[in-house]
Structure formats: C-alpha cells, structure tokens
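Reader: I have a new model open on my screen and would like to learn how to read it. Could you walk me through it, feature by feature?

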Amino acid sequence: MPSHPRSTTSGRERESPAGPGGARLDAGVREKIHLDILRRTGAYRTGDHFLLPSGHHAPEFIDKALVTTEPSFTEGLGDVIAKNFAPWPTDVVLSTGPGALILAHCVARALPSRPVLVYATKGFTGQGRQVRLPDEFTRYVRKGNKVLVIEDLITTGETIKLLIRMVERAGGTVVGIGCLWQRATKVDLRKDVFSLVKRDFPTYEPANCPLCAQGLPLNVEFARAESPTEEPLEPPRPRRRSP
Ligand SMILES: [Zn+2]
C-alpha cells in the first residue's frame, strides 16, 4: 500500500522512471530532459534579454501558450505527471483554467482511476482575484471526491491556493498538484506538488536590470498582454427550479 504523498518528504524523489537499460534517472537528469522538451517546443527560451508581459526584464522566458503545441510531447509529459499520482486514485482532474486544459486532459487520460476532467475559470471581481467552476461542472467537485489539480506554470501559487479552498469548501480533497513548471519554488501549498521543472529565474525592474546595464538589446517579441483567459467573472447563474 503506497503512502500518501504528504507522508514522505518529497513525492518527487519516489518515482524515478527507468531510463534506457533500466537505469534509474535522478531528479536533476529528468528535469534537464523536460527542460529540453520545453525548449524544443519553443516555449522555453534562454540567453536573451526579454521584456516580460509584466514589464519586467529577464534572461529567460517560458511562454505558456507554446507549451502544448506538440501533441506527442504533451502526452509524454502528461504521462509522467499521471505516473506520479497513479497510486492515489483520483475522481476528478481539475485544470486551473482553459489554458492548462490540454495538459490536464493528457494527465486524466493516463490515470488508471479514469477521473473526469473539468476546468475552473480565473478572473477578477470586486474582491480581487477569484476562481470558480463553471455551473456545468459544480456537481463533479463535491463531498468525498478526490481532486488532482493540474496547472501549466505556477508563478505565485495564488490561483492554486484559491482552488484548494474552493474544493475543500465543496467537501472534496485535493490529493496533489501536478504542473509543468513551478517558479514559486519556496511557496508552501500544503499539498504534494509534482513539477516536471522546478526552477525560478530572476526578473528585474527595468531601472535595475543588469542586462540593460550591459547594453544588451531588449527582445520585445513576447511582451504581449496578459492571458485572455483572465476576465471579469460573472456570478453563478441562479439554479433553475423544476415546476
Ligand atoms: Zn533589461
């Protein structure tokens, strides 16, 4: 009987897929393989001076929209995440939003417990950043259900915290969080987090940017507006009553 993810120091150390010849790969090697995959999709770029959508400058850039452009890569990465969580049967895979849905689909498809797949919507209301389930999905996240949350990129962890609270309010349990890339390496999300890449990189205010100081030209190619999935949230529809 496998132990619960939180009962070991790190779920990441437990599962080492066998490499060629049956050799077990250590975490650093696996992370390098995953980084190379993301580099091949064009989602991960290094060695430049990027203007980020936030207005900061950085020597590295990960473009969420490009992460899932290669279906066979996405399926392979989804398999790795599913394999990590397979010992803890999941009823529901919850994508943090439409953006992570392709990856979440690949994870759900590979999980032996055959979970359903739903997604949350993120956005802003008068009370700041909020998450909610579209009305069609609320019956899937309910008392006693085990939920695996899938995110593409964890930057601050705030969305994940809101989703955990939402699931727990509905009476469900979050069994873990799977993601492609965890930038918030020091944030404690109170759950087992499995990330294919766990790596933060520095970002700079333009006024204090060492790359500007070196006179490197600024790459503005990726400085477009924030994700279009972040919109003002409408309140849930009132439930229709049967006559
Ligand atoms: Zn700069």
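Reader: Let me start with the cysteines: how many disulfides are there?

Author: A disulfide is a pair of cysteine sulfur atoms within 2.5 Å. By this rule the count here is zero. Before we go on, please note that this is a predicted model, where local features need pLDDT of at least 70, side-chain atom pairs count only at pLDDT 80 or more, and totals for chains, interfaces and linings use all residues. Residues are numbered from 1 along each chain as its sequence is written, and side-chain values use heavy atoms, with hydrogens and water left out.

Reader: Which residues coordinate the zinc ion?

Author: Donors are N, O and S atoms within 2.8 Å of the metal (3.2 Å for Na, K and Ca); water is not among the atoms, so sites may look incomplete. In this model, the zinc ion is held at 2.0 to 2.4 Å by His49 (NE2), His57 (ND1), Cys209 (SG) and Cys212 (SG). Along the chain, these donor residues follow the spacing H-x7-H-x151-C-x2-C. Because His49 sits in the loop between β1 (44–45) and β2 (50–51) while Cys212 belongs to helix α6 (residues 210–213), the pair ties together parts that are 163 residues apart in sequence. Helices (H or I, at least four residues) and strands (E, at least two) are DSSP runs, numbered from the N terminus.

Reader: What is the geometry of the zinc ion's site?

Author: Four donors count as tetrahedral if all angles lie between 85 and 135 degrees. Here the angles among the four donor atoms are 94 to 121°, and the site is tetrahedral.

Reader: Is His49 buried or exposed?

Author: Buried means under 20% relative accessible area, exposed over 50%, and partly exposed in between (1.4 Å probe, protein chains only). His49 has 1% relative accessibility, so His49 is buried. Cys212, at 35%, is partly exposed.

Reader: And which residues of α4 are buried?

Author: They are Leu103, Ala104, Cys106, Val107 and Ala108. Cys106 has 9% relative accessibility. Contact means heavy atoms within 4.5 Å, and the cover over the buried residues of α4 includes α3, β5 (92–95), β6 (116–119), β9 and β10.

Reader: Which residues touch the most other members of the largest nonpolar core?

Author: A nonpolar core is a set of buried Ala, Val, Leu, Ile, Met, Phe, Trp, Tyr and Cys residues joined through side-chain atoms within 4.5 Å. Among the 33 residues of the largest one, they are Leu38, Ile62, Ile81, Val107, Ile150 and Trp181. Helix α3 gives the largest share, five residues.

Definitions and conventions: Four donors count as tetrahedral if all angles lie between 85 and 135 degrees; four count as square planar and six as octahedral if opposite donors are over 155 degrees apart and all others between 65 and 115; anything else is irregular.
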